[in-house]
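Dear colleague,

Please find below the structure that I am handing over to you. My notes on it follow directly after.

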Amino acid sequence: MMKSFLNVEDLGDLKQALAEAREIKANRYKYDTLGKNKTLLMVFFNNSLRTRLSTQKAAMNLGMNVIVLDVNAGAWKLETERGVIMDGDKSEHLLEAIPVMGCYCDVIGIRSFAGLTDREYDYAETVYHQFVQYSGKPVFAMETATVHPLQAFADLITIEEQTHPQPLLCREGSQDATTISSSPHKGEAGRGSVPKVVLTWAPHPKSLPQAVPNSFAQWMLAAGVDFVVTHPEGYELDPRFTKGARIEYDQRKAFEGADFIYAKNWSCPGVTNPDNYGKILHDYHQMMHWTVDAEHMSWTNNAKFMHCLPVRRGMIVTDDVIEAPTSLVIPEAANREISATVVLKRILQSMK
Amino acid sequence: MMKSFLNVEDLGDLKQALAEAREIKANRYKYDTLGKNKTLLMVFFNNSLRTRLSTQKAAMNLGMNVIVLDVNAGAWKLETERGVIMDGDKSEHLLEAIPVMGCYCDVIGIRSFAGLTDREYDYAETVYHQFVQYSGKPVFAMETATVHPLQAFADLITIEEQTHPQPLLCREGSQDATTISSSPHKGEAGRGSVPKVVLTWAPHPKSLPQAVPNSFAQWMLAAGVDFVVTHPEGYELDPRFTKGARIEYDQRKAFEGADFIYAKNWSCPGVTNPDNYGKILHDYHQMMHWTVDAEHMSWTNNAKFMHCLPVRRGMIVTDDVIEAPTSLVIPEAANREISATVVLKRILQSMK
Amino acid sequence: MMKSFLNVEDLGDLKQALAEAREIKANRYKYDTLGKNKTLLMVFFNNSLRTRLSTQKAAMNLGMNVIVLDVNAGAWKLETERGVIMDGDKSEHLLEAIPVMGCYCDVIGIRSFAGLTDREYDYAETVYHQFVQYSGKPVFAMETATVHPLQAFADLITIEEQTHPQPLLCREGSQDATTISSSPHKGEAGRGSVPKVVLTWAPHPKSLPQAVPNSFAQWMLAAGVDFVVTHPEGYELDPRFTKGARIEYDQRKAFEGADFIYAKNWSCPGVTNPDNYGKILHDYHQMMHWTVDAEHMSWTNNAKFMHCLPVRRGMIVTDDVIEAPTSLVIPEAANREISATVVLKRILQSMK
């Protein structure tokens, strides 16, 4: 049984996963009886728009029932230690709460953001793994402390669509390579070529988690694209996610020849200096030259612009770039339904 | 495709709509497979009881999936201007948020009340039309800044039931007029007669939108009833909704001969003096003679009493009037399920 | 029609109810078309985790649609008196709100806790009975002011499973008593023996309702177990729930020979002194000798430990006792789905 979906390796062969994504996108109700009498419990410790809607939609595509639980962090504090006299504000212990939640469902999705104060706690994915250990049910991440795999999978689907717009099954069934080689798609100068994908830091007024850039790096490296990360010094992502990526502190050099620009802010991951974990290293007013504008895009190979949303215009990206025909932010969001449908389908199939 | 449901004309022929309402009421699950694999997204920018429940019920009558999104206005502020550096409290731009919401559903319902400070913004139905323009999906009003068409349609169904209690299809199929002409129903002194319907302002301690009276006026005029509006001077409704109605400032004169009294408070629509938009023009203690009580009802033709709910007793209406057998407030609420089912059915059928 | 589920007698023959519970547990989707086009409305005036999830799951097991309404007590205050001028913070009267809610569903579940200030109001189950009277639909308690029957039914199912682990239908069908008499199950020294079940008060820092102990007592007495209640003087439960039970103020004596220990805190029920209703009679620091620990459990007949959850460790029970293999807290919670499925099934069947 597929017990957890946190990292790219939990999905196995990516080519196969992308083929399934294409199959679902062609008919998102193809498996609409697979989830009959199966219930998804979505547990939100934090706010959500895209994940809330797209994951519900995905579950309903598969004929599942859905229960949404918004855990108000203030009202429902969980004790995590043993040996404590619980006479304070925590009214339930996770050792009871999690197995109980597992009783009433078949699959559990967890949204639980990084606290950004205790690096070790966050990077151990403590809350997520407690659900895996104590719920007795398959668990998947709907953005946890350090990863957002449904977003990264949707981003990969989006890049793949741009690179190979033909349905994979048709393309593979065809003996005629002409269509492909003659198409002006990204990264297809030759059949063996791969697109250049650049993950760029951009300024933001608030301290944000590293979940999206961590997962994006992990998935791009697994997919084998030409992957570059660019950010100001001090914002180095954890090597467990970026091992094998090129790090380029000069944003302009990083952008040169890029086919895809993926912009995102993140706070200091605390790799070089753990004391800085979760901090904003420079006032954002001094970092506005990192904002992706038309000039930045002019350095690229007519790159597509990507962002996971929500995005602050004028900080991360300018209006003209995000509104241009080369912007993929809405297709990325739309593919969240597809990535979630594939992951839930996999989990359901593994339960049979 | 039926892309929007905001005004009475969006529904086309009212006789046909009423016939469909009767069909649904006779068997509200008649079309329970029409919505298979279609998802309704209900977006609430404001609180709701009747609309929340009745619209969900309507969608489920049709076999649709439903996702409810309560937008906490404080937590999720949308930027609406271009060219802004979003470094404040607004974390997402509507130009992204609305298309994203459109990705995960097939139909969108919007509740977004008037702010009651900027008349032009409210009466342009800015938020609603942004959803129509940017979501890419059919949109319907679940009370917006200036209209509440699902309520007005339910009110019309209720009046029609009182006037012609026989199912329309039977009545039309019958050659026997005796049953009808011998029935003591409202407004049926002769076959060609129409009921007299009076919309009356009533006092309230808070400043309320004009959405309900606007739509009620619009729908009554379209239905061709004998329609009178009565209110203190200064509360004139926007003529785009009341054109063709008689305005009578003397409440007693208005009530004379009435078959239906529809009570409702509204704040100043700002028609004669835009500076007064959204204001309460007189302390309500001075306006209590407008409260609909037994004496008021004695001026009428044994009229039925109507209100959209929630209603403040003792302000809008007295206990005895709202509890009398002539009170239609619960049947009106019950017909909210019917009006919403008809509208969603129409939207779904237009998508085939 | 089964119009209300509040007390144990509303379920009729308990042996039959337990047989149905076993049938559902063996196949919880056996009646998955019974609820087609039937809608459950769950109305929460208070927070909920187990009830929210398990009751939704139960309804979905039966193929029902579910609408969840969280009534924010602050935002939606209901007027309950007649003859009032509603110019304050209450914007709707229950005489309208309840029939309206009844319009949009087929069955209503109510969660409405005791206020713990007005004993008469709480013990009259005022809010619950208003729903029964005015909604026009079958109503069931999801913990009300004085009872929590879905919990008590789940507790009874759990005790029965421990006492008679064989499915009842098989056991009754068999003529061979050997299997049963040779099994080392609780309370089965002989075929006619019954388990000893002890409800024990335990300390808690906050003032809690009596709903869970009231219902537990009522159901245990109806089931005919050997039932003992133990608590400090002054915490006597209302005799309408405990009539026929032994009350033992010496906790150690009560525990002797017990097969099941059910721990729970409750505030003063105000039986002997109405002025103390809802109060905590002693600072909890002075009552910690009532906490169920290993020594307490050593007084018993190797009893199973039970609690309805959420539980405060170190106050009600120690870590070692709740984590021991003899702890039934998770099976009890799991049986909430079963008790709710049986009750909803009964209600649906009574509507045919």
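**Sheet and interface**

In chain B of this predicted model, five strands make up an open sheet with parallel pairing, in the order S1-S7-S6-S2-S3 (strands are DSSP E runs of at least two residues and helices H or I runs of at least four, numbered from the N terminus; two strands pair if DSSP finds at least two bridges between them). Strand S1 (4-5) and strand S3 (65-70) of chain B stand at the edges with a single partner strand each, so one side of each has no neighbour in the sheet. Strand S6 (residues 107-111) and strand S7 (residues 139-141) of chain B run parallel and are joined by three bridges; B:Gly109 has B:Phe140 in S7(B) as its bridge partner.

Turning to the interface, 32 residues of chain A are in contact with 31 residues of chain B (heavy atoms within 4.5 Å). Between the two chains, four salt bridges are counted (a side-chain nitrogen of Lys or Arg within 4 Å of a carboxyl oxygen of Asp or Glu). One salt bridge links A:Asp32 to B:Lys36, with the closest N and O atoms 3.3 Å apart.

Residues are numbered from 1 along each chain as its sequence is written, and chains are lettered from A and ligands numbered from 1 in the order in which they are written. Local features need pLDDT of at least 70 and side-chain atom pairs count only at pLDDT 80 or more, whereas totals for chains, interfaces and linings use all residues; side-chain values use heavy atoms, leaving out hydrogens and water.

Yours sincerely
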